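Me: Got a model open here and I'd like to talk through a few spots in it. Can you take my questions as they come?

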Amino acid sequence: MGKRLVIDPITRIEGHLRIEVEVDDNNVIQKAWSSSTLWRGIEVILKGRSPYDVGLIAQRICGVCTYSHYRCSTEAVENALGIQIPYNARLLRSLMHSALIVHDHIVHFYHLHGLDWVDVVSALSADPAKAAKVALKYTDKPIAAGEGDLRAVQERAKGLVDSGRLGPFANAYWGNKTYRFTPEQNLIALSHYLKALEVQRTAAEMLAIFGGKSPHPQSIVVGGVTSVRDMLSPARLQEWKQKHDEVKDFIVRAYQADILMAAEAFGQEPSVLGGVNVKSFMSTAEFDIGDGNVLFKGGVIMNGDFSKVEDIDPSQIAEDVTHAWYKADGPQHPFDGTTIPKQTDMVERDTLNGKLPTLDQDGKYSWVKSPRYKGEPVEVGPLSSILVNYVHGNKRVVDAVDGFLKRSGLPFEALLTTLGRTAGRLLQTILVSEFEEETFQALLTNLKSDETTYVKPEFDETKEFKGHAMVEAPRGTLSHWIRIKDGKVQNYQAVVPTTWNAGPVDANGKVGPYEASLVGLKLEEPTKPLEVIRIIHSFDPCMACSVHVMDYKKKSLGEFRIDPYGFA
Amino acid sequence: MAQHSTVEKELVTYEREMIFPISVRILHWLRALAIVALALTGAYIAWPMFERPDDTNTLVQGWVRYLHLLTGFVFIGVTLVRGYLFLFTKETRERASFRDVFSLKSWIIQIKSYFWRGHLDKAGIYGPLQLTVYFGITVLAILASISGLVLYAYVYHHGLGGALRPMADMVVHFMGGLARVRYWHHVFAWAFVIFIPIHIYMVVWTGIRFKHNSVEVIITGYDYHKQPVKKG
Amino acid sequence: MDSYNALYEQGVARLKQLQQLTPRMGESLQDKMEAKGISRRDFMKWSATVTSLLALPLSFQPLVAQAAEVSDRVPLIWLHMAECTGCSESLIRTDSPSLDTLIFDHVSVEYHETLMAASGMQAEENLEEAMETFKGNYLLCVEGAVPTANNGAFLRIGPKSETGLQVVTNAARNAAAIVSVGTCASFGGVQAAAPNPTGAKGVHEVVDRTVINLGGCPPSAKNIVGTLMYFIMFGKLPALDMFNRPKWAYGKRVHDNCERRGHFDAGEFVETFGDENAKDGFCLYKMGCKGPYTYNNCPTERFNAHTSWPVLAGHGCIGCSEPDFWDEMADFEKPLGRQIVKGLDASTDTVGAVILGASVLGIGAHAVTSIFAKSEEA
């Protein structure tokens, strides 16, 4: 019997996540369990409401990937009602989506994930002059990494440490052996941590230009986009372009440089060279600006077979609730699925931190279900998208991946690691940032002859409708499914990226990506489990997204049935 | 029609009785005017249905709102004065109708009479159903006025609006938001709109049915009662 | 004005009191600002902005500046309940370059799950330590609603697996002041919309103390940061409206200061999204704008460093800073009278028109019957 470790809350994520692991005498993780500990119930709240309102409500599933649910939900309604939105509206939505992805990835890498790679305390002993030279290794034009910049940052950090109250940096894992940056490298990254606070704001403003605000923009409606004045204003367009240039500059000169730096420093660090133990990957097509110009293609890679990628067959999706706090007779297709809550108690156990309530791994232990594709767990997210498109032979992606591997000197296999997952996110950021320029140009061209942004929906309320939409959200493949009757939402279902990744083990003992990623990981100091947190963060967890199906009146979810093959 | 001929044959005299003094009549018509104006302007405010004129300096919505407020205050004034008159005037004819409201028999008599059975026999000048409806309308008038004043207080921040603000805050807090206040104001308006045709019809109908001067009485103030035929 | 003078005096007294406390950080703000490349001039400019943001006369500016200098003595604990992290996302977008980090340094963030480096047991220790060390002095911000059904079991946090309800009531006990950030923490928000499956409630409903409610989904960074600054300056809660929202931010309706108000008064309305009127920036009332019933400073402060706000982006206000707005303000693209009333399945106007029609029909039937009815009168 191994020793148990409880990590709750996992911080620097969206939402509430608990991880428990069991380590052997050598502190190697034998088993891991992931549990979401909050349930909200947005889908039930959506029932009976106007299809015109669902986008705004569904958006509140998550404030981090905010816009993804808004757009996916609105497009599900449009799909149901058979509405083709104007080209301008498509381009504007695409621009907003790009801004979201870029913003989200920057915040994730620097402010959520960054402190897993960067030892802030170590940066204090760096030599700024030397660090400035180091920065030049990874790009010839570093940002915020000149000797003066770095000295200022260092003094600022020193002030904080000297004060004895570290605020958000207090009581963390500084000094852990798996921090592999040199003091100089830590200082550069810390400087970029602060700089990124400014840049993410600019990226958010890009979304706000056409979205009204961020988080939770408010300019998408069933039938198009409302921000027609912003679209027609040369000043607004220029504002967007300016901000785009600033953000892209940062991505290339700082974000990319930092990942290359990490690839070099952590290239031999065993704790980040595993972590991809579920070898099936799924992603959907995204950024389609017409005329066959699509940035990312969709597909599935099964069981580590990188020789081929198959199309997604939605009928092959089933959700298992053996170890989730729901009741069901077996794996169910999401549209035939029932969601009958059955919360069970925690189990009191001895842990490395004394007696604590722990997850009941033999019973039920999470609010997240376990979706399976053809009975197999799959990973979704930027890495999946990159891999799927690489295997597809998508030229943009192949060039980006090969270029990165060449510069970092890493083999292809290195992508299938925690480090690779983090690098994949960078590659997606770069590709999206480049592609939004094309989208912007397409908009400018189209505006010469077309100012339409909206078509009024034809909506016969006496009829029944069903529809769905799939988008590639910052954390992976997202789909929303809707059924409309009597002019109102009859059924609503969202299948969300983090659900795929964070679900518990299924009836056949198949383990999902989170739990699998931790097995075999050796911890330096189990009570300070930085290695675990780093791997989990590399997935960019978004718990509010993954858990939103909710029905407390047990029987009503029996009605929650949608014909899985009726959508097409 | 046969009745008319009867009237012509016999020579009858009528007694003229003052039912509604001039104050009541003026207030009634002021109120009627206010309700119509409020309903029309209110309908525009709720859903601005006609297009603006080409002249952008004409504040269409502004003027409509101005009219709405003006008539709104007339309406509030009438409600207050009329309420005072009803309760405190020396003339007891109106208040006498209370006796009928608390008498089941009177209710049956009135409702039967509306379905063409029997006379309309009452203690005061209103039937029990009639007085109850008027009372309900008065309560609605008070609620509509309060909700209207709350909405007013958030548009005009000084003067009366400013003075009303603490009261308005209380109402908004009680209702759970200004939108609720606005919504109920809208519902109250509908109640008036539905009341008007029923009211007019009932007045005309009772006039014809029971040979009252019920229409003219609110203009001239007089009703006429048939005198017993003089002997000899 | 007298009230301002009194407030000013109070501010001065409060700052004196704060200055007498032992500073947690050794060096002065001025040194720190220099280290961070912020000039005194930038700082004064910023304090002037905050002064006017808080709707205070400019004479308060030195006080604001002084307050920022001593503000490192105010520890902040920020809890996450049933939420989407949108409010934290809004907070990190706070503008005026370099200032966000200044605020971070000066409001000492003791616990904030989205920002803090420590996880698990270490995070829990931070929370306990801060609550003990700063007993009675820390500012508590809460993001997200508190699920109360099943004794709050729908949300469990921390190694001891406490319910959100337990965590928030514990933290509230010794807080100097409590701020509910966003509509969820204030009024329950989206998870409290009908049928409110988890029994989600606003913090003020589960805590027996005054709670400042910052409505908004999410509230702008200005409203969050401004409220914290007010507390630091005066050591008391700002003047609050009927729903305990700070008047400086929520004192006026969106409609009052709307940039499209002129078009409203002129009777110029957008008839469909994207039409010529929309291109001209006409009023969005007929597109369901709830600005007339919503209290917030969106039109003047906007979002994302004044970049935009929903009405500028051509969509009506959805009333997101109001209690129960998910139920009260829906359908969001229709004015109130045209909303579908739940249970009736029709709008108020439709119901009204049907009753009116039925009355008229009833009148007609009664009139016709009257003609043929035998009179018992004669």
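Me: Is Gly281(C) buried, exposed or partly exposed?
Reply: This is a predicted model, to start with. Gly281(C) comes out as partly exposed, because there are 18 C-beta neighbours inside 10 Å, while a buried residue needs 20 or more.

Me: Where does Gly281(C) sit in chain C?
Reply: In a loop of chain C, the one between helix H14 (276-279) and helix H15 (298-301).

Me: How far is Gly281(C) from Leu344(C) in space?
Reply: 35 Å, C-alpha to C-alpha, with 63 residues separating Gly281(C) and Leu344(C) in sequence.

Me: OK, zooming out. How many helices and strands are there in chain C?
Reply: Chain C has 17 helices and eleven strands. Buried residues account for 58% of its 378 residues. Taking the contacts in chain C between residues at least 6 apart in sequence, 69% join residues at least 24 apart.

Me: What domains does the assignment give for chain C?
Reply: Domain 1 (2-250) and domain 2 (254-338). Domain 1 of chain C puts 17 residues into the contact and domain 2 of chain C puts in 14.

Me: Which elements give two or more residues on the domain 1 side?
Reply: Helix H9 (183-187) and helix H12 (247-250) of chain C. By class, that side of domain 1 of chain C has eight nonpolar, four polar and five charged residues.

Me: Which residues have the most contacts inside the largest nonpolar core?
Reply: Ile77(C), Leu139(C), Val142(C), Val168(C) and Ile178(C), in a core of 288 residues. That core takes at least three residues from each of domain 1 (2-250) and domain 2 (254-338) of chain C.

Me: Pick Val142(C). What is it in contact with, sequence neighbours within four places aside?
Reply: Leu79(C), Met81(C), Val168(C), Ile178(C), Ser180(C), Val181(C), Ala185(C) and Val203(C).

Me: Switching topic: how many residues of chain B are in contact with chain C?
Reply: 37 residues of chain B, and they meet 34 residues of chain C. Helix H3 (60-88), helix H7 (159-175) and helix H8 (178-210) of chain B each supply at least two residues of the chain B side.

Me: Which one gives the most?
Reply: H8(B), with 16 residues.

Me: What does S18(A) pair with on the S17 side, and how?
Reply: Strand S17 (residues 465-473) of chain A runs antiparallel to S18(A), and nine bridges join them. Glu472(A) stands opposite Thr477(A) of S18(A). S17(A) and S18(A) make a hairpin with two residues between them.

Me: And how many bridges to S19(A)?
Reply: Seven, with S18(A) and strand S19 (residues 488-495) of chain A paired in the antiparallel sense. The bridge partner of His480(A) in S19(A) is Ala494(A). S18(A) and S19(A) also form a hairpin with two residues between them, and Asp486(A) in the turn has a positive phi of about 55 degrees.

Methods. Residues numbered from 1 in each chain as written. Chains lettered and ligands numbered in written order. Predicted model: local features only at pLDDT ≥ 70, side-chain atom pairs only at ≥ 80, totals over all residues. Core = buried A, V, L, I, M, F, W, Y, C linked by C-beta atoms within 7 Å. Buried ≥ 20, exposed ≤ 12 C-beta atoms within 10 Å, placed from the backbone. Domains from an automatic or database assignment. Contact = placed C-beta atoms within 7 Å. Helix = DSSP H or I, 4+ residues; strand = E, 2+ residues; numbered from the N terminus. Pairing = 2+ DSSP bridges. Nonpolar A, V, L, I, M, F, W, Y, C, P; charged D, E, K, R; others polar.
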